[in-house]
Amino acid sequence: MSYKKPITVLTPEFYSYGALLIAGLIQKYGYDVKLQKGFDEKIESDIVFISLQSTIHLLNYIEELKNMDAFTIVGGPVTLSPELILEFLPVDLVVIGEGENTIYNILRVFENITNPTGTDFKDMSGVAFKNGTNTIITGKGSPASLDGHLSMVPNNISSENIRGANVYLETHRGCPGNCGFCGVPCFFGRKVRSRPLKDILKEVEHFLRNGAQRIAISGGTGSLYGSSKFKNVDDEAFVELLREISNLTGPKNLTIPDIRVDLISDDILEAINKYTNGWVFFGIESGSDRVLKHMQKGITVDQIREAVDMARKHNIKTAGSFIVAYPGEEEEDFQATIDLADDLMLDDYFISIAEPIPGTDLGDEILNLSFEDNILFQKSQKYAKHDFSIAEERALDLMMESYIFRSYPVPMTQALLKNLIDEVKSQGNHIKRVTELIKTPIKR
Ligand code: SF4
């Protein structure tokens, strides 16, 4: 295989940090790389790395991949279930889990073999491929070193808008939390590995030089940066991280999106107030201790209330994410969530129907739950005219409530109500398709 043509790294919908990182890495290994967003442009490369973020991508891009005349390699969070990828997508190879080490090995194979097939990678760990009708999985790749990373930044990064930021920049990997719906600990492990601060700052400068302005930092739950043990947050490391990034971006342009209610302190909240845009985003999920326990969230409703109070004392705006229709959520659990959302009067709310990510505990639970017993597929009487399920009914009820009881009430106009109904319908359809997909019998 010749390397006259650049290798393409493709990201379907937005410039995910993972795709930028892989492109930077391939460049560092000495190859020409082209970064491409979306499938509109014709692919001219012999090798294409595709970074897929969401299970729904396995259904959305089948035709595009069928028409691709290149050796196609899929990586990213969807690789928690390589069998599903190979069942649905016509791709040559899947890189399982963290890809840094595996990608280097893959490129070495291309140096020596012309027109390889999946089986040429059988002696390499961390990949999966089809051999006839069989799926071969060689295990999980080894965790990567996080030192010395420098992403490739596209020249139109300033127009990227990922929930308000141009980029979600990685500060650490892994989360010792055990939330059943979350892919972070499954993908990156439960041990926190933090990037050296000097590398992060160099990368922030690199993004800013290339036009980025608004930077969010991500890595599971923000305040775990630098910590070695769960519940033993390294306040100093996190405060230093915020202070130093903020020196480069300015506080208004720095966001710290996710934080656990049990991983805050006065020092952390003071730093968020001083060095960021002043918002904190708590994973609240439910107002029922029973459901929180079932989710393995590891927090209680009392801790949620205390955390919101603490954030307010530091003049920080609080947003909360809620998950409805988790398996086992009864009507009284949902009512407890409504009551909590009303009491908290947050500044913003994000409400989702439980999405089963393959490879997580929730994914397994939904796999074993029949369609008849899943409230995502049970008809709502209340919103029969919208053809809603009970899960969609709960999402809409909580969304409507959240507009009435937020810190500044928003009038429920016809236009807003229509938006919420559309949002719920879209979420419901998406998660129904994902549920049907993960329940498809596949040959393993
Ligand atoms: S939801 Fe947050 S705290 Fe829970 S496992 Fe995922 S990253 Fe960790």
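Author: Strand 4 is mostly covered, as five of its five residues are buried. Please keep in mind that this is a predicted model.

Reader: Which residues of strand 4 lie on each side?

Author: Phe 71, Ile 73 and Gly 75 are on one side, and Thr 72 and Val 74 are on the other.

Reader: How many bridges pair strand 3 with strand 4, and in which sense?

Author: There are five bridges, and the pairing is parallel. Within it, Ile 50 has Val 74 of strand 4 as its bridge partner.

Reader: And what about strand 4 and strand 5?

Author: Those two run parallel as well, joined by two bridges, with strand 5 covering residues 93–95. Ile 73 has Leu 93 in strand 5 as its bridge partner.

Reader: In what order do the strands of that open sheet come?

Author: The order is 2-1-3-4-5-6-7, seven strands in an open sheet with mixed pairing. Strand 2 (33–37) and strand 7 (134–137) are at the edges; each has a single partner strand, so one side of each is left without a neighbour in the sheet. From one strand to the next, the twist averages 25 degrees.

Reader: Which strands does helix 1 lie across?

Author: Helix 1 (residues 17–28) lies across strand 1, strand 2, strand 3 and strand 4, and runs at about 170 degrees to strand 1.

Reader: Let us turn to Val 127. Is this residue buried or exposed?

Author: Val 127 has 27 other C-beta atoms within 10 Å and is therefore buried. Its place is in strand 6, residues 127–131.

Reader: Which residues does Val 127 touch?

Author: Leaving aside residues up to four places away in sequence, Val 127 touches Leu 93, Val 94, Val 95, Ile 96, Thr 102, Phe 121 and Thr 138. Val 127 is also 24 residues from Ile 103 in sequence, with 9.7 Å between their C-alpha atoms.

Reader: Which residues touch the most other members of the largest nonpolar core?

Author: Val 94, Ile 215 and Val 324 do, in a core of 119 residues. Helix 1 supplies the largest share of this core, seven residues. As background, nonpolar side chains in soluble globular proteins tend to be buried together.

Reader: What does Ile 215 touch?

Author: Among its contacts beyond four places in sequence are Ala 165, Val 167, Leu 169, Val 204, Phe 207, Ile 245 and Leu 254. The list also includes Asn 166, Thr 249 and Asn 253. Ile 215 falls within strand 11, residues 215–218, which pairs in the parallel sense with strand 12 over two bridges.

Reader: Next, the helices. At what angle do helix 8 and helix 9 pack?

Author: The angle between helix 8 (residues 235–249) and helix 9 (residues 266–275) is about 5 degrees, and their axes are 9 Å apart. The two helices are therefore roughly parallel to each other. Helix 8 contributes Asp 235, Phe 238, Val 239, Leu 242, Arg 243 and Ser 246 to the contact, and helix 9 contributes Asp 267, Ile 268, Ala 271, Ile 272 and Tyr 275. By class, this contact has seven nonpolar, one polar and three charged residues.

Reader: Lastly, backbone angles. What is phi for Glu 285 and for Ala 325?

Author: Glu 285 has a positive phi of about 70 degrees, and phi of Ala 325 is near 65 degrees. Neither is a glycine. Most residues other than glycine have a negative phi.

Reader: Where are these two found?

Author: Glu 285 is in strand 13 (residues 279–285), and Ala 325 is in the loop between strand 14 (317–324) and helix 12 (331–344). Glu 285 counts as buried, with 23 C-beta neighbours inside 10 Å. Ala 325 is buried too, with 24 other C-beta atoms within 10 Å.

Conventions:
Residues numbered from 1 in each chain as written. Predicted model: local features only at pLDDT ≥ 70, side-chain atom pairs only at ≥ 80, totals over all residues. Pairing = 2+ DSSP bridges. Helix = DSSP H or I, 4+ residues; strand = E, 2+ residues; numbered from the N terminus. Axes fitted to C-alpha atoms, helices over the stretch in contact; angles between N-to-C directions. Contact = placed C-beta atoms within 7 Å. Parallel < 35°, antiparallel > 145°, perpendicular 65-115°, else oblique. Nonpolar A, V, L, I, M, F, W, Y, C, P; charged D, E, K, R; others polar. Core = buried A, V, L, I, M, F, W, Y, C linked by C-beta atoms within 7 Å. Buried ≥ 20, exposed ≤ 12 C-beta atoms within 10 Å, placed from the backbone.
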